[in-house]
Amino acid sequence: MNSHPRRLIIGITGASGAIYGVRLLRLLQASDIETHLVMSRSAKITLTQEMDIGVAEVSALASVVHQVDNIGASISSGSFKTMGMVIAPCSMRSLAEIASGVTSSLMTRAADVVLKERRRLVLIVREAPLHLGHLRAMTAATEIGAIVYPPVPAFYARPTSLEQMVDHTLGRVLDLFDIDNSAVSRWGGLNSIKNGE
């Protein structure tokens with residue numbers, strides 16, 4: 001029997017797309033997952049510009065909140081068992097730090113720990129257009145074990161709202177951790193006919 005709770009680290013950086021991190025926390029509230037939140041200073045600024053929710057309200061969505069400058073936090077050690085980490089959204093600065101292994105905050109230290117422990121790290125990278133430096137950082141992050149997951153909408157699901165597009169992306173991210181969710185509109189095939197019909 002596993003005596004450790006299922007834990008997932010959620011990072012929110014200052015890239016545009018704070019809605020991804022906030023909505024991910026909300027989706028996980030209905031699960032048995034213990035969420036560990038870390039937000040960058042820039043994320044707190046971006047959050048107030050993009051959403052009608054404050055830092056305190058976002059913090060209340062998580063099981064545990066860690067300050068970005070607390071390098072001694074539990075999530076900075078590989079001995080603290082987690083399922084892995086999702087950075088939603090992930091800024092190019094955070095991506096570059098993770099790809100290089102030169103970390104400057106708890107955000108990127110926790111990501112580095114996840115990689116060294118061979119756990120799953122998903123980076124919802126938000127930037128466009130991309131220059132060669134961005135692409136090389138994505139390649140380097142992938143080569144060391146991260147999953148780069150740009151939030152590209154799936155139009156086959158026929159979304160009718162921004163929330164549906166966000167939920168579909170996050171549902172697919174949760175799939176990567178084998179976390180059951182109903183946020184994804186599952187593809188059933190093109191013009192498929194089931195036997196007996």
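Predicted model: local features only at pLDDT ≥ 70, side-chain atom pairs only at ≥ 80, totals over all residues.
Residues are numbered from 1 along each chain as its sequence is written, and side-chain values use heavy atoms, with hydrogens and water left out.

T108 sits in helix 5 (helices are DSSP runs of H or I with at least four residues, strands are E runs of at least two, and both are numbered from the N terminus). A polar atom of its side chain lies 3.3 Å from the backbone nitrogen of S104. Not counting residues up to four places away in sequence, T108 touches S94, E97, I98 and T103, where contact means heavy atoms within 4.5 Å.

I then turned to the helix pair. Helix 4 (residues 92-100) and helix 5 (residues 106-116) pack at an angle of about 40°, with axes 9 Å apart; axes are lines fitted to C-alpha atoms, for helices over the stretch in contact, and angles run from 0 to 180 degrees between N-to-C directions. The two helices are therefore oblique to each other (under 35 degrees counts as roughly parallel, over 145 as roughly antiparallel, 65 to 115 as roughly perpendicular, and the rest as oblique). From helix 4, S94, E97 and I98 meet M107, T108, A111 and L115 of helix 5.

Next I checked T13, in the loop between strand 1 (7-12) and helix 1 (18-29), and found it buried at a relative accessible area of 2%. A polar atom of the T13 side chain lies 2.8 Å from the backbone oxygen of P89. Leaving aside neighbours within four places in sequence, T13 is in contact with residues including P89, S94 and M107.

P89 itself belongs to strand 4 (residues 84-90), and the peptide bond from A88 to P89 is cis, with omega near 0°. Another cis bond joins A128 and P129, with omega about -10°, and P129 is in the loop between strand 5 (120-125) and helix 6 (132-143).

Last, I noted the backbone of two arginines. R118, in the loop between helix 5 and strand 5, has a positive phi near 60° and is exposed at 72% relative accessibility. R158, in the loop between strand 6 (147-148) and helix 7 (162-175), has a positive phi of about 50° and is exposed at 70%. Most residues other than glycine have a negative phi, and most peptide bonds are trans.

Methods: Polar contact = N/O pair within 3.5 Å; in protein donor to acceptor, adjacent residues only side chain to side chain. Buried < 20%, exposed > 50% of the residue type's maximum accessible area, 1.4 Å probe, protein only.
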